[in-house]
Amino acid sequence: MQKEIVEYREMKLIGLKTRTCNADEFKPETAKLGAIVGRYWQEKIAEKIPNRKNPGITLVGYFNYASDEYGEYDYLMGEQVTSLDEIPEGLTGLVVPAGQYLRITSATGKIPQIIAETWQQVWQATINKELGGQRKYQVDFEIYDQRASNPAAAVFDIYLGILVVFK
């Protein structure tokens, strides 16, 4: 798990949204994220998003945290856009605020296993105070660019909003 503090500019996303919590995602009968991801690809949602800034680069946003990684949050899968003026019915817009983010680059692995493994490393680093900063739990996001084009050997980045950077 590679980590680096970066400044990120405000960004706008449009995509499919659901509300969930990590405890529910570990149980097949209550998990929602797999269904959203499946629907996103099967229904070609990206092609329905207006004002796409970087077509083909998928982003996932985590926001509206009830508390921390143990509480509920909203999950949005979509793309970056130049404007939120047109949001198609059934989709949601999200503004990712400018600020300091801890960029975590995953190891190379198979999707979805590498995603789960990388988040488990994040949670463990949070518990062990090895993350490098205190999380905001405001908006976090993932970027799936050309490095994730092969789902059998993918790499992706997680950006965690950071309130305090530890020295």
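## A buried threonine

Threonine 118 touches Met1, Ile104, Ser106, Phe156 and Ile158, leaving aside residues up to four places away in sequence. This is a predicted model. Threonine 118 sits in helix α3, which spans residues 113-127. Its relative accessibility is 2%. Buried means under 20%, so threonine 118 counts as buried.

## Overall fold

The protein has 3 helices and 9 strands. From the N terminus, the elements run β-β-α-α-β-β-β-β-α-β-β-β. The radius of gyration is 15 Å, close to the 15 Å that the globule rule gives for 167 residues, so the protein is as compact as a globular protein of that length. Along the principal axes, the C-alpha atoms fill a box of roughly 45 × 35 × 30 Å.

Buried residues make up 45% of the 167 residues. Take the contacts with a separation of 6 or more: 75% of them join residues 24 or more positions apart. The accessible surface comes to about 8800 Å². Carbon and sulfur atoms account for 50% of that surface.

## Charges and salt bridges

The protein carries 19 positive and 22 negative charges. Side chains of opposite charge can pair when their charged atoms come close. A search of the whole structure finds 10 salt bridges.

One of them joins arginine 19 and glutamate 72, with the closest N and O atoms 3.3 Å apart. Arginine 19 lies in strand β2 (residues 11-21) and glutamate 72 in strand β4 (residues 72-81), so this pair ties together parts that are 53 residues apart in sequence. Both partners are partly exposed: arginine 19 has a relative accessible area of 28%, and glutamate 72 is at 41%. The pair also belongs to a network of salt bridges that links Lys17, Arg19, Glu72 and Asp74.

## Two further pairs

Glutamate 10 and lysine 12 meet through their side chains in a salt bridge of 3.6 Å, N to O. Glutamate 10 is partly exposed, with a relative accessible area of 49%. Lysine 12 is also partly exposed, at 26% relative accessibility.

Arginine 147 forms a salt bridge with aspartate 145. Here the closest N and O atoms are 2.9 Å apart. Arginine 147 is partly exposed at 29% relative accessibility. Aspartate 145, at 16%, counts as buried. The cut-off for buried is under 20%, so aspartate 145 falls on the buried side.

## Backbone features

The peptide bond from isoleucine 111 to proline 112 is cis, with omega near 10°. Proline 112 is in the loop between β6 (99-105) and α3. Helix α3, residues 113-127, is the helix that holds threonine 118.

Asparagine 64 is not a glycine, yet it has a positive phi of about 55°. It is found in the loop between β3 (58-63) and β4. Asparagine 64 is partly exposed, at 45% relative accessibility.

Tyrosine 137 is not a glycine either, and its phi is positive too, at about 55°. The place of tyrosine 137 is the loop between β7 (133-135) and β8 (139-144). At 16% relative accessibility, tyrosine 137 counts as buried.

How values were computed: Residues numbered from 1 in each chain as written. Predicted model: local features only at pLDDT ≥ 70, side-chain atom pairs only at ≥ 80, totals over all residues. Heavy atoms only, no water. Helix = DSSP H or I, 4+ residues; strand = E, 2+ residues; numbered from the N terminus. Buried < 20%, exposed > 50% of the residue type's maximum accessible area, 1.4 Å probe, protein only. Contact = heavy atoms within 4.5 Å. Salt bridge = Lys/Arg side-chain N within 4 Å of Asp/Glu carboxyl O. Rg over C-alpha atoms; globule rule 2.2 N^0.38 Å. Areas by Shrake-Rupley, 256 points an atom, 1.4 Å probe, with all protein chains shown as cover. Lys, Arg positive; Asp, Glu negative; His and termini not counted. Charge placed at Lys NZ, Arg CZ, Asp CG, Glu CD.
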